[in-house]
Amino acid sequence: VPFWDFHGSTFVTPNHVRITPDRQSQQGALWNSVPCNVISWEMQVQFKIHGHGKDLFGDGMAIWYAKERMKQGPVFGNQDYFHGLAIFIDTYSNHNGEHNHQHPYISAMVNNGTLHYDHDRDGTHTELAGCEVKLRNVYYDTSLSIRYEKDTLTVSTDVDNKGEWKECFKVAGVKLPTGYYFGVSAATGELSDNHDILSMRLFELDSSDVISGEDRSKITPSAAVFEPVRERVDDVKPAWSGTKTFLVMLLAALIIIAIAIAGITYYKDQQENARKRFY
């Protein structure tokens, strides 16, 4: 495919690019080889996520605008501690805590290379914003729009087969450099899905609002606001079952009885030895 590179489990068909097949432990990615040098842009991605799983499936895919490309890693098939923007389409919930949300879940993250994406917590501690979207195993194609202008990021979806965009979230105060690359990656683990890309189209938007002469290639990716900071809460360890509690108590009782018997036996032996010394 001209101007596109891919690696991992990705393969090209006449109708789509399959990032991962519906098999366990797959990782793949598709990256454009030409950096984006426009300041304001809109990326529209047409995709399908589908598979044989009815209740359990995963893990999901990510759309990237990043400094580094073709770097395989643990974040939906791409590297952690990246520079740039990631839009995650997370189809499986890894965390059932106080900040639980339904899946599939679309969220955004801006990283300057210092932040860790916590996959076990579904990235909730570093997300800018997100929304729940039903988009898996539908008979029609689904689309995502990522629009960046006036330092505002807007993500919209077309997943209802209506041919119209519905806003997922909008975040102001987002700073993204020029010269980064667009890509998409996906991964499966113990659960799996097909992650297919049908098209990726980039549109340049009017950037007259940008200060003339500003060199956007030199800025660092940043965001003025994040979701409210939430202290990381470890998963609550499951309580012991009644059977397990009974067995532990029984074992403790047997140990106490054994110690008592040993003590009584030792005491009797000492008494017997004492009597023998007086005969």
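Trainee: How many bridges join S5 to strand S12 (residues 142–149)?

Mentor: This is a predicted model. S5 and S12 run antiparallel. Within that pairing, Gln 46 stands opposite Ser 143 in S12. The number of bridges joining S5 to S12 is seven.

Trainee: Is strand S5 (residues 41–50) largely enclosed by the rest of the structure, or largely open?

Mentor: Buried means under 20% relative accessible area. Eight of the ten residues of S5 are buried. The strand is therefore largely enclosed.

Trainee: Are the rings of Tyr 65 and Tyr 180 stacked, edge-to-face or tilted?

Mentor: The structure has eleven aromatic pairs. In the pair of Tyr 65 and Tyr 180, the ring centres lie 5.5 Å apart and the planes meet at 35°. Stacked needs planes under 30 degrees apart, and edge-to-face needs over 60. So the pair is tilted.

Trainee: How many residues apart in sequence are the parts that this pair ties together?

Mentor: Tyr 65 lies in strand S6, residues 60–66. Tyr 180 lies in the loop between strands S15 and S16. Both tyrosines are buried. The parts they tie together are apart in sequence by 115 residues.

Trainee: Which residues form one aromatic cluster with Tyr 65 and Tyr 180?

Mentor: The cluster takes in Tyr 65 and Tyr 180.

Trainee: Which ring lies under the charged end of Arg 136?

Mentor: A charge sits over a ring only within 6 Å of the ring centre, with an angle limit as well. Arg 69 lies over the face of Tyr 181, at 5.5 Å from the ring centre. The charged end of Arg 136 sits 3.6 Å from the centre of its ring, that of Phe 57.

Trainee: What is the hand of the link between Cys 131 and Cys 168?

Mentor: The structure holds one disulfide. Cys 131 and Cys 168 form it, with sulfur atoms 1.8 Å apart. Cys 131 is in strand S11 and Cys 168 in strand S14, 37 residues apart. Both are buried, and with -110° about the S-S bond the link is left-handed.

Trainee: How far apart are the end C-alpha atoms of residues 246–267?

Mentor: An unreviewed UniProt entry annotates residues 246–267 as "transmembrane region". Over that stretch the chain is 100% helix and 0% strand. The distance between the end C-alpha atoms is 31 Å.

Methods
Residues are numbered from 1 along each chain as its sequence is written. This is a predicted model: local features need pLDDT of at least 70, side-chain atom pairs count only at pLDDT 80 or more; totals for chains, interfaces and linings use all residues. Side-chain values use heavy atoms; hydrogens and water are left out. Rings of Phe, Tyr and Trp (its six-membered ring) pair if their centres lie within 6.5 Å; planes under 30 degrees apart count as stacked, over 60 as edge-to-face and the rest as tilted. Helices (H or I, at least four residues) and strands (E, at least two) are DSSP runs, numbered from the N terminus. Buried means under 20% relative accessible area, exposed over 50%, partly exposed in between (1.4 Å probe, protein chains only). A charge sits over a ring if NZ of Lys or CZ of Arg is within 6 Å of the ring centre and within 35 degrees of the ring normal. Two strands pair if DSSP finds at least two bridges between them. UniProt positions are given in the numbering used here, feature names are shortened, and annotations may be inferred rather than shown by experiment. A disulfide is a pair of cysteine sulfur atoms within 2.5 Å.
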